[in-house]
Amino acid sequence: MRRKIVAGNWKMNTTIQEGELLVKQLNFLTKEISADIDVIVAPPFTHLTAISSLIKSDNSNISVAAQNCSDKESGAFTGEVSAKMLQGAGCRYVIIGHSERREYFGEINETLLKKTELALSEGLSPIYCIGERLEEREQNRHFEVVAEQIKEVLYKLRGLDMERVIVAYEPVWAIGTGKTATSDQAEEMHAYIRRVIAGKFPKLADSIPILYGGSCKPSNAKDLFSRENVDGGLIGGASLNAQDFTEIIKSF
Ligand code: PEP
């Protein structure tokens, strides 16, 4: 039985006060949610300590993720935040390789491998994002692109570490565009991702959670989450509204 996970990526949105309010609303709305669904929020760096404390004091089951971490351990890297710092700030997870990081900040698989290894060494679970661009899907290269993103990063991990990885399939053309992959497209790709993972980690492939991301919202979450290889979602825009995010969580 694989874990069911719904994670909210807040991106560069909310002040600390707005973020705290959002989490308070979520704590209230998700009280009745089945214990077998893991709910994660990924606020901006500045909010992590405050939100972790709030969650702790409210006895909430929500966990905290960061949206990124440095590929360096420590030192003279102005503006960077290390995996160790995130661990100290109360994070259990860190999103790595989000397409916005790959696209706007030039993050390449080599850097993402370092980030993943550092996160794992600090006891964080990486939520490793993969997905093709529109032109790559149109050229029928989507499977090849995703396989490469897996092979260049996840294939280099030890099995013991791979056990703690969550994969998020996020077709770039569906992120923030309102265009969602159909549940058939998501299922086809998730099943493929599982087969690629099995190429290196045959014993683990069946237990690694694979989340779908890309304009997932209350109206389409049920259909997506009903598919065999879709173990939940990484939610951007809709995670900023407590009601919508809760509805998505309840779509399982
Ligand atoms: C994301 O940024 O991970 C994402 C899936 O965004 P959205 O849900 O807004 O498409």
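**Exercise 1. Find which backbone atoms sit by oxygen atoms of the ligand.**

Let's start with Gly176: one of its backbone N or O atoms lies 2.6 Å from an oxygen atom of the ligand. This counts as a polar contact, meaning a pair of N or O atoms within 3.5 Å. Before going on, note that the model is predicted, so local features need pLDDT of at least 70 and side-chain atom pairs count only at pLDDT 80 or more, while totals for chains, interfaces and linings use all residues. Residues are numbered from 1 along each chain as its sequence is written, and side-chain values use heavy atoms, with hydrogens and water left out.

Next, take Gly236, where a polar backbone atom is 2.8 Å from an oxygen atom of the ligand. Then move to Gly237, with a backbone N or O atom 2.9 Å from a ligand oxygen atom.

Finally, widen the view. The ligand is surrounded by 14 residues, each having a heavy atom within 4 Å of it. The closest are Lys11, His98, Glu170, Gly176 and Ser215.

**Exercise 2. Work out how helix α1 packs against helix α2.**

Step one is to locate the helices: α1 covers residues 16-29 and α2 covers residues 48-57. Helices here are DSSP runs (H or I, at least four residues), numbered from the N terminus.

Step two is the geometry. The axes of α1 and α2 are 10 Å apart, at an angle of about 25°. Axes are lines fitted to C-alpha atoms over the stretch in contact, and angles run from 0 to 180 degrees between N-to-C directions. The two helices are therefore roughly parallel, a label for angles under 35 degrees.

Step three is the contact (heavy atoms within 4.5 Å). Ile16, Gly19, Glu20, Val23 and Lys24 of α1 meet Ala50, Ile51, Leu54 and Ile55 of α2. By class, these residues are six nonpolar, one polar and two charged.

Terms used:
Parallel < 35°, antiparallel > 145°, perpendicular 65-115°, else oblique. Nonpolar A, V, L, I, M, F, W, Y, C, P; charged D, E, K, R; others polar. Polar contact = N/O pair within 3.5 Å; in protein donor to acceptor, adjacent residues only side chain to side chain.
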